[in-house]
Amino acid sequence: MFEPRRKLNPVSRAYGRRWWSSTTIVAAQWKTTVGLEIHARISSPRKLFSPAPIVFAAVPNTAVDLFDAAIPGTQPRLNPHAVLLGVRAALAFNCTVNSKSTWDRKHYFYPDQPAGYQITQHYQPFAVDGKLRILKRDGIEEEEVEVGIKQVQLEQDTGKTTYLPTTPPKTLVDLNRTGSPLIEIVTTPSMTSAAAAGAALKKIQSLIRAVGASDADMEEGGMRCDVNVSVTREGENERVVGPKRRCEIKNMASVKAVAAAVEAEAKRQIALLESGGEVANETRGFDQLKGETFRLRGKEGSVDYRYMPDPDLPPLLIGKEFVSKTFATQPELPDARLDRLLTPPHSLPLKDARALMAEAGAVEYYETAREIAAKAGSKKKGKTTANWIVHELFGQLGVAEISVQENPVTVQQIGDLVSAVEKGDITGTAGKQIVEHMVGGDCRDVAEIIKSYGLGALSDAGALAGIVDKVMENYPKQVEQVRNGEVKVIKFLLGQVMRETRGKAKADEIEKMLNERFGL
């Protein structure tokens, strides 16, 4: 598993920073081929073949069943909930769910694998032959790239081994994670760029999350990715030459790391081949600080794992009716949701739509707030509501270091706020102050907050005119600049009037009065 990393605020994570800046990897005579192997932790409360609970950050070796510890005589008991979530994920990848699949033992010896083997589905996985569409809006240069999903399989996770640099050295083993359900997604080698590899991983991550199969949080170790990279010259037979040069880069912990590793490895292989060398099949790691891959070990063939059918587990049988019912109850998938948000009646900007989709429950929050604002008379509804949520609410939550899931502002409050601004009851500046109060814990109705802080829009034209005249008297230099043709200075005077009114005056009314006074 991976160490947690610092999280960006919701707006920054969604679009404040580009996850990958694509550059040219190779010259035209070279082709890069990329395939992904992704492991995601299934969001089930118990392990794949034992009743032991999945408890994170628990005291070591306290969430372990006898089967997890490989006590002789214990038998595996399949967790059907894990199968359901696996099928949901496979259907999201447009896979064919096999009516019959089998379980295999993958043998290798390691301290955190007490049985000496891992139960997986190497020969007959439960789902095969899927595909994903990666679009230009996902961050690739092409209009569309189709990524094949070779297979989806269920398997066990391993335990955790910690090495202590003591004298003599010590090794600590924690079996709490042993036997936790994983879903492995193996793509075809159908990506030809770092950007496509990163976009494919991000798409897979979003689909797994959408159907509730996994939190797929790479920062917290909920998903990890191995990348297979090979290069071929123009004219070479890719199917023959590519596999001989393929290198696997292990345990990528972020989408950005995957893209960077693909580019670095492709450049390494090309430089080696152009200098007369050969690329050996091997397993490599990636140093993000240096931007380089490094050798871990020679590539081991699957025969070394001595796969064999698990004699304690019968085949997994999944009926067509079960698959049909699961498909019928699938939630809205990311691409369909994004298409809906980008078109009427929402018509949101792409950045705002993505920011909403980046947070669990945020789209539903927006849609409910939009309906509340619409019933109260808001005309723009979609764009305005999304703007207030994404830019003002999310921004204030980020400043207060509050996650979107812990958002204290009710959907009724944000809907009423949008309506109040749209109807002119308050100005946008006052609205921002109200958001700050609500994020700070003020749970009263928006109308009460407006009244309590005196934030209602200034509707007395005479009073506003007096404030405008007062500001012009206080800033004669700026007034003279405007009269001499420096029209932009009006913005300064407008700001001073807004300051005097504490944001309660409407900017367009102030600007109109100033223009009238200057004869503009």
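Of the 520 residues in the protein chain, 48% are buried. The structure described here is a predicted model, and the average pLDDT of the protein chain is 88, with 92% of the residues scoring at least 70. Residues 1–26 call for some care: the pLDDT there is below 50, although the stretch has 74 contacts in the model beyond near neighbours in sequence. Along the principal axes, the C-alpha atoms fill a box of roughly 90 × 55 × 55 Å. The protein chain exposes about 25,600 Å², and carbon and sulfur atoms supply 52% of that area.

In secondary structure, the protein chain holds 17 helices and 16 strands.

We can turn now to the sheets. Nine strands make up an open sheet with mixed pairing, in the order S2-S6-S7-S10-S1-S11-S12-S13-S14. Its edges are strand S2 (96–97) and strand S14 (292–298); each has a single partner strand, so one side of each is left without a neighbour in the sheet.

Seven of the seven residues of S10 are buried, and the cover extends to both faces of the strand. On one side lie Pro181, Ile183, Ile185 and Thr187, and on the other Leu182, Glu184 and Val186, all of them buried. Strand S7 (residues 144–156) pairs with S10 in the antiparallel sense over seven bridges. Among the residue pairs in this region, Gln151 has Val186 of S10 as its bridge partner, while Ile149 stands opposite Thr187 in S10. Strand S1 (residues 30–41) also pairs with S10 in the antiparallel sense, here over five bridges. His39 stands opposite Glu184 in S10, and Glu184 is itself one of the buried residues of that strand.

Further along the sheet order, the pairing of strand S12 (residues 247–252) with strand S13 is parallel and runs over three bridges. Strand S13 (residues 282–287) is mostly covered, with five of its six residues buried. Cys247 stands opposite Glu282 in S13, and Cys247 is buried at a relative accessible area of 0%.

A further open sheet has three strands, in the order S5-S4-S15, with antiparallel pairing. Strand S5 (117–120) and strand S15 (308–309) are the edge strands, each pairing on one side only. Strand S4 (residues 104–107) runs antiparallel to S15 and is joined to S15 by two bridges. Arg105 has Met308 of S15 as its bridge partner.

Cys247 leads on to the cysteines. A disulfide is a covalent bond between the sulfur atoms of two cysteines. A search of the whole structure finds zero disulfides. For Cys225, the closest cysteine sulfur is that of Cys247, at 16 Å, which is too far for a bond. The cut-off for a disulfide is a sulfur pair within 2.5 Å. Cys225 also counts as buried, at 0% relative accessibility, as does Cys247, with a relative accessible area of 0%.

Thr427 lies in the loop between helix H11 (411–423) and helix H12 (428–439). The side chain of Thr427 reaches the backbone nitrogen of Ala430 at 3.2 Å. Leaving aside neighbours within four places in sequence, Thr427 is in contact with Val421 and with Gly503, Lys504, Ala505 and Lys506.

Notes:
Residues numbered from 1 in each chain as written. Predicted model: local features only at pLDDT ≥ 70, side-chain atom pairs only at ≥ 80, totals over all residues. Heavy atoms only, no water. pLDDT = per-residue confidence, 0-100. Contact = heavy atoms within 4.5 Å. Helix = DSSP H or I, 4+ residues; strand = E, 2+ residues; numbered from the N terminus. Polar contact = N/O pair within 3.5 Å; in protein donor to acceptor, adjacent residues only side chain to side chain. Buried < 20%, exposed > 50% of the residue type's maximum accessible area, 1.4 Å probe, protein only. Pairing = 2+ DSSP bridges. Areas by Shrake-Rupley, 256 points an atom, 1.4 Å probe, with all protein chains shown as cover.
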